[in-house]
Amino acid sequence: TGLAGAFDTALRRDYLGELVPLSPEERDCLSWLAAGMRRKRIADRLRLSDRQLETRLNGARDKLRAVTVTQAVASALVLGLIEA
């Protein structure tokens with residue numbers, strides 16, 4: 001089981017981006033939230049309207065099968081899809 005577990009971990013690490021296909025924009029939005037930035041500041045920094053930001057965050061939330069955006073950020077961090 002040790003070899004199988006290592007193989008499974010390596011596969012998930014190498015192909016997780018394909019399994020959870022977050023767009024670069026969704027990753028950026030989640031990363032900035034994880035770093036503690038407020039939504040208005042993220043929208044300004046990425047030159048998005050508030051609505052566009054919410055669309056990206058909700059898309060990431062749905063792809064990660066999270067109930068809240070906060071849960072999506074936590075999941076993306078745990079899965080190694082973003083860094084804080």
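Among contacts (heavy atoms within 4.5 Å) in the protein chain between residues at least 6 apart in sequence, 51% join residues at least 24 apart. This is a predicted model, in which local features need pLDDT of at least 70, side-chain atom pairs count only at pLDDT 80 or more, and totals for chains, interfaces and linings use all residues. Residues are numbered from 1 along each chain as its sequence is written, and side-chain values use heavy atoms, with hydrogens and water left out.

**View 1. The largest nonpolar core.** This core (buried Ala, Val, Leu, Ile, Met, Phe, Trp, Tyr and Cys residues joined through side-chain atoms within 4.5 Å) has 20 residues, and Leu22, Leu30, Leu53, Leu57 and Leu64 have the most contacts inside it. At least two core residues come from each of the helices H2 (24–34), H3 (39–45), H4 (50–63) and H5 (69–78); helices are DSSP runs of H or I, at least four residues, numbered from the N terminus. H5 gives the largest share, four residues.

**View 2. Surroundings of Leu22.** Apart from neighbours within four places in sequence, Leu22 is in contact with Arg27, Leu30, Ala60, Lys63, Leu64 and Leu81.

**View 3. The buried side of H2.** Glu26, Cys29, Leu30 and Leu33 are the buried residues of H2, buried meaning under 20% relative accessible area with a 1.4 Å probe, protein chains only. They lie on the same side of H2 because they cover an arc of only 95° around the axis, taken from the directions from the helix axis to the C-beta atoms. These buried residues pack against H3, H4 and H5.

How values were computed: Buried means under 20% relative accessible area, exposed over 50%, partly exposed in between (1.4 Å probe, protein chains only).
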